[in-house]
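Reader: I have the sequence and the model open side by side. Could we go through how the helices pack and then look at a few loop residues?

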Amino acid sequence: MTITTESIQTDDQVVALAAEVGRRCAPSEAAHDRDATFVTEAYEAMKELGYLRLAVPAEFGGLGASMRQVMLAEHELARHAASPALAAAMHLYLTLVQCWRHRRGAPDAEGVLRRIATDDLIMATSGGSDWVCPTTTAVEVEGGFRLSGRKAFCSQAPVATVISTSAVLGEPGPDAEVLHASVPLSSPGVSLVETWDTLGMRGTASHDLVFDDVFVPAGKIVGRRPYGKLTGPLLTAVIHFAPIGGAVYLGVAQGAYDEALRIVAGRAAEPTPAAVRGLGEMSARLRVAKWALLGAVDEAGEDPSADERTLTTLMVAKRHAVCEAKAIVDLALDVVGGAAFFRTLPLERAYRDVRGGPFHPISPEATLAMAGTGALADAKHASW
């Protein structure tokens, strides 16, 4: 399959591009996991091959991949290298958000997309730690605002050039307002604190970023929302993250299945009926979970509405993917047996990496509560 760095025409090209990135960076995964260091080799490969401009429209210098294709690419990359896939997912979903904003006439979106394609702009996010009630404060000053606070879970922080973040204006509570902005990490007052020593996804270098009286011009505020409410820019971001994040963790599970299948098939002895059944169950779970993600994106559309119905559609699929991913990796260890307990096999790393999935908002339990609440609301308005 020919890999093009000019534009994406087919799903096969998307998958081939992601597989090539994975092939180049997979050999260094174990070392980065052991030392909790950033996956620099992966980002060098992504830059060379154009992977980080995957979702930028072709007319702005990108590869023109759709949301569905970004999801397929991240699933494939995670088969080979989990941390690079998750780190890149943050940049890629934010690129999709900028495409969404551009289609709605946001005056700054085209410039951001062009900078991704031509200036190697890399976007990070603090959404996982800020969520609906950020602890960072914003104080209005002449010409803009000054932000102070600490952001956790900032994946790819060592190489990011800008962060999509938020801060509360006023006393936290129902009357406060949350400001959303993109802040260059070169801004005076921004510093990185290396805190990332975790169970899994250790190569993402998701360190803390500290804002110490960082000035943000008023024109750089991209949206506002009520404190404590999942609306506005945050809702748009979560809708675009859900299928991409889900695909990453399902890709990790796919890689674990691949490894288990390789080991069992390579043994001299005939596999036990339990091992055969386990492989079949993993295969079935992988297929159904992938169908869920693909179906959700198809239902939401490539230009999804930022509303609760779309959120539920995509989050239910993301929930299914991350929960199934954990179950599939567990099955892989059972099928392989005691050999899987050794760190010389990638299964041990997959077992840890895949457990990050449920921590990304919205959690599996909160997703079920949201789906149930929506169903009850629909039922009350239905004519029986």
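Reader: Which hand does the crossing of α3 and α5 have?
Author: This is a predicted model, and the answer applies to it as such. In it, the crossing of α3 and α5 is right-handed.

Reader: How are α3 and α5 oriented to each other: roughly parallel, roughly antiparallel, roughly perpendicular or oblique?
Author: The two axes come within 9 Å and cross at roughly 55°. Angles under 35 degrees count as roughly parallel, and 65 to 115 as roughly perpendicular. The pair α3 and α5 is therefore oblique.

Reader: How are α5 and α8 oriented to each other: roughly parallel or roughly antiparallel?
Author: Helix α5 covers residues 82-103 and helix α8 covers residues 232-266. Their axes come within 9 Å and cross at roughly 155°, and this crossing is right-handed. An angle over 145 degrees counts as roughly antiparallel. The helices α5 and α8 are therefore roughly antiparallel.

Reader: How do the residues of the contact of α5 with α8 divide into nonpolar, polar and charged?
Author: On the α5 side the contact includes Leu86, Met90, Tyr93, Leu96 and Trp100. On the α8 side, Thr236, His240, Phe241, Ile244 and Val252 are among them. The contact of α5 with α8 divides into 15 nonpolar, two polar and no charged.

Reader: Which helices do the buried residues of α1 pack against?
Author: Helix α1 runs over residues 11-25 and reaches 22 Å from its first C-alpha to its last, close to the 21 Å expected. Its buried residues include Gln13, Val14, Leu17, Glu20, Val21 and Cys25. An α-helix has 3.6 residues a turn, so residues three or four places apart point the same way. The buried residues of α1 pack against α2, α3, α4 and α5.

Reader: Is Ser126 buried or exposed?
Author: Ser126 lies in the loop between β1 and α7. Leaving aside residues up to four places away in sequence, Ser126 touches Lys151, Cys154, Ile163, Ser164, Thr165 and Ser166. Buried means under 20% relative accessible area. Ser126 has 0% relative accessibility and therefore counts as buried.

Reader: Is Met201 buried or exposed?
Author: Met201 lies in the loop between β6 and β7. Met201 has a positive phi of about 50° although it is not a glycine. With a relative accessible area of 4%, Met201 is buried.

Methods
Residues numbered from 1 in each chain as written. Predicted model: local features only at pLDDT ≥ 70, side-chain atom pairs only at ≥ 80, totals over all residues. Heavy atoms only, no water. Axes fitted to C-alpha atoms, helices over the stretch in contact; angles between N-to-C directions. Helix = DSSP H or I, 4+ residues; strand = E, 2+ residues; numbered from the N terminus. Left-handed = near helix turned anticlockwise from the far one by under 90°. Contact = heavy atoms within 4.5 Å. Nonpolar A, V, L, I, M, F, W, Y, C, P; charged D, E, K, R; others polar. Buried < 20%, exposed > 50% of the residue type's maximum accessible area, 1.4 Å probe, protein only. Expected span 1.5 Å × (residues − 1).
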